[in-house]
Amino acid sequence: MTINLQKVYFDYRAEEEKACALLGQLDWFCRIADFDPKTGLALPQALSIFLERVALPKNGGVVLDRLWRITEHSRASVERLFHSLNESPRREHALLPVHAVRELDASSFIKLSNRPGRTIREKLAGKPYMQAVRRFQSVDLPENRLLKAFVRHLGELLELRRDCLSHEDELLPKIQLWLRSEEAQAIGNWDNLPPNNTLLSHRDYRRVWDSWRWLQTLDDDVAGDLAQLEARGKTMRLWKQCAQMWAGGKHLFAEMPLLFDYEKFEILPWSSKPPLFNTSRQNIPRRIQRCEITEPVCVDFTSLRPRYASGDGKVAQSLPEAFLWQQWRRDDESVDIELFHSDAVWLHPQSTTISAPDLLFAKDNTSENCDRAARAFASHLRGVFRHDTLIWLAPDYLNDFELEVIRRNLNARFTDAEPLPRSVAAVFAQIDYSRIRDGFTVVVVDGAGGRTCATKLIAKFDIELKKCLPETGGFYWERCPSVIIASTDDEKSGESGCDIIIVDANEQWHDPTPPARLKFVDASFLKSDPRIGNFAFCINLKESPVAGGIQLHALQQRAGDIPLWRDHIPELSIKVMRDGYYQRFHLVSRGTTVNPPPRQNSCRLKFIESIKFEIKNDYPEKAVF
């Protein structure tokens with residue numbers, strides 16, 4: 001007996017075993033897979049995400065089979081095309097009233113000459129109509145003919161699905177309404193022509209074309225699915241067993257990509273071997289509480305699990321996710337995965353691993369991979385922090401070009417994303433305003449990223465600020481350029497400490513290593529450094545000063561346009577030829593400060609570049625930067 005979709009649906013309604021098993025397998029695969037909206041192919045996934053979907057399935061009343069996949073792939077495109085079909089200018093001969101005639105051709109004059117009368121007026125006297133050329137926009141195009149044929153066939157199958165599975169798709173009444181419209185009636189029949197450029201290149205018509213091809217082989221595909229029931233059952237049992245091990249919390253799985261093939265019902269690990277797992281010393285909770293924060297936040301990316309503060313800002317917390325991103329590449333194939341909730345990171349020879357600290361401290365942090373990792377991190381942050389305001393801490397010794405990638409991606413997700421030096425946040429977190437006076441100097445020592453830098457901040461008095469914020473005593477802070485006092489080669493987070501289990505290239509497991517504690521720098525050592533000089537108070541940063549960042553934001557909201565801190569612009573000068581000698585021309589003098597508006601770094605760079613351009617025009621071929 002012929003096996004087709006109609007028979008499978010009838011047998012499923014009759015609770016026949018094979019039909020139920022077939023639709024159950026297809027439903028299972030569709031629920032755990034993600035499909036590319038452009039091609040319709042199943043996309044690769046990270047192992048941990050896949051195991052979570054298998055272990056904690058989200059069941060629904062709709063059976064997800066091949067017809068569902070075809071419908072989902074074309075749904076958005078069909079709905080858009082119903083409202084904006086392609087049109088093409090057409091011309092035809094029609095008998096029109098004389099006042100409506102706009103164009104005539106040779107055929108029009110021949111018809112007119114055959115009518116009785118000696119003049120045009122006499123020929124039109126009895127019947128003021130004549131054959132003329134009429135131009136109009138036609139929807140009777142090959143791509144629209146295919147659309148009409150596709151939705152007619154799809155509508156018939158959706159009706160069958162409704163009658164057998166008791167589920168009416170929302171697209172079905174829209175199809176039925178459109179097929180009765182005058183626009184659909186004006187479209188001719190599809191003649192199974194080869195696809196034109198529109199069907200192959202247009203975003204929506206291409207999806208209709210792909211879905212049409214799948215419809216043509218639907219019955220053959222269903223018959224093939226039925227013949228592979230036993231093999232596909234083994235695949236399901238294998239992965240359900242792995243998912244049970246994962247859900248039990250007694251095993252750790254090394255993260256890797258999984259490759260999916262919907263037509264073959266294949267789920268293959270990247271290494272073509274079973275997933276790597278190890279026994280856990282303690283039970284791992286698998287149900288993750290995903291929270292959302294709707295207040296402004298201050299975030300620090302100098303650790304694998306970023307620290308943040310929000311609300312009153314008194315307590316700093318760590319995000320539970322590990323901000324790690326990997327790209328696995330072999331030959332011409334590459335897969336990107338995110339490791340936010342992974343048990344262990346596998347440093348496979350074919351993988352490139354990037355962490356949140358790498359976006360700040362890695363030497364190649366402007367590469368394309370870093371940009372893609374930053375995009376993934378920013379997207380995940382947006383799902384946690386729902387407020388548009390995000391203050392993110394930047395190490396003082398980094399310049400604007402080293403922060404370009406992370407700044408650009410955060411700005412794309414948060415409309416009010418603002419960088420803040422860690423030293424400024426530290427001052428607002430620890431300094432008591434009742435003890436300071438005009439000219440009070442603080443030095444902040446920070447050891448993030450393998451370098452230890454000292455940054456001096458000087459308190460300055462502003463009478464307007466005192467009226468607005470009495471608790472500050474009217475003092476704001478001027479930040480001086482940072483001074484590097486020590487440096488190491490441990491710029492990669494994995495080398496200085498990594499708070500996640502690591503599987504090396506030899507498949508050996510290594511426990512997490514806590515990050516190295518920052519060395520305490522004595523104040524006397526700093527005062528002996530001529531680049532720093534004398535100061536009144538020293539802050540050795542041991543933890544992230546995110547609490548100070550959110551406190552600064554709250555104070556700045558009340559202060560309005562009065563800045564609570566200012567930045568010293570580094571001294572900038574050029575050499576120009578004057579009176580036969582090279583002389584130094586100062587563009588920015590020592591001690592010049594600038595207020596920190598949002599995205600001030602970009603504005604400052606543009607300002608300095610404009611000055612360079614003007615000086616070069618004044619002294620052509622003589623200015624040396």
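1. Let's start with a word we'll need: a residue is buried when its relative accessible area is under 20%, exposed when over 50%, and partly exposed in between (1.4 Å probe, protein chains only). Ser-77 counts as buried because its relative accessibility is 0%. You'll find Ser-77 in helix 4 (residues 66-83); here helices are DSSP runs of H or I with at least four residues, numbered from the N terminus.

2. Before going on, keep in mind that this is a predicted model, where local features need pLDDT of at least 70 and side-chain atom pairs count only at pLDDT 80 or more, while totals for chains, interfaces and linings use all residues. Residues are numbered from 1 along each chain as its sequence is written, and side-chain values use heavy atoms, with hydrogens and water left out.

3. Who does Ser-77 touch? Not counting residues up to four places away in sequence, the partners are Arg-203, Asp-204 and Arg-207. Contact means heavy atoms within 4.5 Å.

4. Now look at helix 1 (residues 5-13) beside helix 7 (residues 142-165): their axes come within 9 Å and cross at roughly 15°. Axes are lines fitted to C-alpha atoms, for helices over the stretch in contact, and angles run from 0 to 180 degrees between N-to-C directions. That makes the two helices roughly parallel (under 35 degrees; over 145 is roughly antiparallel, 65 to 115 roughly perpendicular, and the rest oblique). Helix 1 brings Leu-5, Gln-6, Tyr-9, Phe-10, Tyr-12 and Arg-13 to this contact, and helix 7 brings Leu-157, Leu-160, Arg-161, Asp-163, Cys-164 and Leu-165.

5. Helix 1 also meets helix 2 (residues 17-32), with axes that come within 8 Å and cross at roughly 110°. So this pair is roughly perpendicular. Val-8, Tyr-9, Asp-11 and Tyr-12 of helix 1 touch Ala-19, Cys-20, Leu-22 and Leu-23 of helix 2.

6. Asp-219 sits in helix 12 (residues 218-227) and is partly exposed because its relative accessibility is 36%. Leaving aside neighbours within four places in sequence, Asp-219 contacts Ile-3, Asn-4 and Leu-5.

7. Finally, helix 21 (residues 546-559) has 14 residues and reaches 20 Å from first C-alpha to last, close to the 20 Å expected at 1.5 Å a residue. The expected span is 1.5 Å times one less than the number of residues. Its buried residues include Val-546, Ile-550 and His-553. Just after helix 21, Gly-560 takes a positive phi of about 70°.
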